[in-house]
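Student: I would like to go through this protein by question and answer, from the whole chain down to single residues. Can we look at it together?

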Amino acid sequence: SLAYFFFKDTATTEIQTRSIVGSVRCVQETGINAEYMGLFISMENKIVHSHEFVRGFATKAIHEGFEVDPATGAVIAPIHVSSTYEVELDTPPKFIYGRFDNPTRSCFEKTLAALEKGKHCIATSSGMAAFSLVFHLLKPGDHVVANEDLYGGTTNYLLELAKDHGVELDCIDLRDLKALETHIKPNTKMVIGESPTNPTLRILDIPAIVAICKAKKITSMMDNTFMSPMLQNPLELGADIVMHSCTKYIGGHSDIIMGAVITNDEEIYKKMKKYSGLLGCCPGPHDCFLASRGLKTLHLRVERAEQNASKLADILAKHPKVKETMYPGLPSFLGHDLLKKQAKGFGSMITIRLEDAGKAAKFYNALTLFGHAVSLGGVESLVSFPTKITHKSLPEALKAKLGISDNMMRLSIGIEDFDDLKDDLLKALDAVQIIFLSHSFYIPQK
């Protein structure tokens, strides 16, 4: 069922209708009094555009960024595969070449910008490509303060490339606001954070960090991948830039590699947009189409995954084979109250430490429903072994400082049936116990 606003164009005596979801249709009937149709709106003969209405998250995710194609009536943005576009000499072109812009990509960017409550979005070929745009805002001699507990790829990028590009780097615990103030120098140009962090799920006080940055005229960037725009909006909390690995929750089906940066700052946007074209880190149109489709169901997937994660965390927190359960939704979790203030939920990532580090691989291999893979945020549940895979290349001293240990497992909770996920986890924990007992009573045979 569609709701329409009816109003009369006094110049043409046409009755025009606009759906509240943005489609425009002209009813070629004269002599019909729109007032009798029930919903007469007069705006000085102007059509009331859909974006003027206050919309909820789900409605924005489905309808923002795309107007119904007047030529075909298509209600979904098509996949534009053309690499180049015809240019008229006397008319400023909207699209010139696929490396700079693409209609399908533009639709995705508009939708994600709206969901993150930002003005500008630049889609990229990966999350790391998105971070490279942020990094290129820096110049030789600049100083950066980064959270010590970032995504492993981001940390490696900074450790490997910052020095080579003449950028000074300090990695600290950004939960310590005094430490942040202490590490700020006259040449500090950017603070890079992520909340919750990966994989220990530390919660940063984003408004407090942003306040310190603004007082010193320092650019603040927050990676919002773990929460998605459904649960947290760092721009609304004052951050200058938000970054996403769209491969995760935004795509949601583990079938694309994409990233994005969003900002309200015009100058920052123009610089990153220029760098995007120069670096050629643009995503393909098919990936943009899949990412747009993912956004349309983001609210449903995030809600379901969070429901599963909340119940599983309660069970894991009480299990004798689990030494520690890290989940922001647990009232006992450090940062629980802070996240409640700055977010709309707790997400669906859980990190656990097993009692016996020597049995971690046994637990990992005993899981059958959870996929044994890196990444996160898809419809399917995944288990990752940080010290063996995602954070393997980090310096041992840094891993020890961050508490990334051999008994740690990161769980990305999907949208499967809760009972099936629960059974898989409990059977894997039971398998660890059974194997442990069998070794205790093993008698070598002659």
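What follows is a set of questions and answers on a predicted model.

Student: What share of the residues in the protein is buried?
Tutor: The model is predicted, and the protein has 15 helices and 15 strands. Buried here means under 20% relative accessible area. Of the 446 residues in the protein, the buried share is 51%.

Student: What share of the contacts with a separation of 6 or more is between residues 24 or more positions apart?
Tutor: The count takes in contacts in the protein with a separation of 6 or more.

Student: Which residue in β8 is the bridge partner of V191?
Tutor: β7 spans residues 188–194, and six of its seven residues are buried. β5 (residues 143–147) pairs with β7 in the parallel sense over four bridges, with V144 opposite M190. β7 is also joined to β8 (residues 219–223) by five bridges, and these two strands run parallel. In β8, the bridge partner of V191 is S220.

Student: How are helices α4 and α5 oriented to each other?
Tutor: α4 (residues 127–135) and α5 (residues 152–161) pack with their axes 11 Å apart, at an angle of about 40°. Angles under 35 degrees would count as roughly parallel, and 65 to 115 as roughly perpendicular. The crossing is right-handed. The two helices, α4 and α5, are therefore oblique.

Student: How many of the residues in the contact of α4 with α5 are charged?
Tutor: From α4 the contact takes M128, F131, S132 and F135, which meet G153, T154, Y157, L158 and L161 in α5. These residues divide into six nonpolar and three polar. The number of charged residues is therefore, with Asp, Glu, Lys and Arg counted as charged, no charged residue at all.

Student: Which strands stand at the edges of the five-stranded open sheet?
Tutor: The sheet has the order β11-β12-β15-β14-β13, and its pairing is mixed. An edge strand has a single partner strand, so one side of it is left without a neighbour in the sheet. The strands in that position are β11 (322–326) and β13 (371–372).

Student: Which residue in β12 is the bridge partner of V322, and at what angle to β12 does α11 run?
Tutor: β11 and β12 (residues 349–354) run antiparallel and are joined by four bridges. In β12, the bridge partner of V322 is L354. Helix α11 (residues 298–317) lies across β11, β12 and β15 (408–412), and its angle to β12 is about 15°.

Student: Is T104 buried or exposed, and what is its relative accessible area?
Tutor: T104 lies in helix α3 (residues 103–115). Not counting residues up to four places away in sequence, T104 touches P78, I79, H80, P285, C288 and F289. The cut-off for buried is under 20%. T104 is buried, with a relative accessible area of 2%.

Definitions and conventions:
Residues are numbered from 1 along each chain as its sequence is written. This is a predicted model: local features need pLDDT of at least 70, side-chain atom pairs count only at pLDDT 80 or more; totals for chains, interfaces and linings use all residues. Side-chain values use heavy atoms; hydrogens and water are left out. Axes are lines fitted to C-alpha atoms, for helices over the stretch in contact, and angles run from 0 to 180 degrees between N-to-C directions. Angles under 35 degrees count as roughly parallel, over 145 as roughly antiparallel, 65 to 115 as roughly perpendicular and the rest as oblique. A crossing is left-handed if the near helix is turned anticlockwise from the far one by less than a right angle, and right-handed if clockwise. Contact means heavy atoms within 4.5 Å. Two strands pair if DSSP finds at least two bridges between them. Buried means under 20% relative accessible area, exposed over 50%, partly exposed in between (1.4 Å probe, protein chains only).
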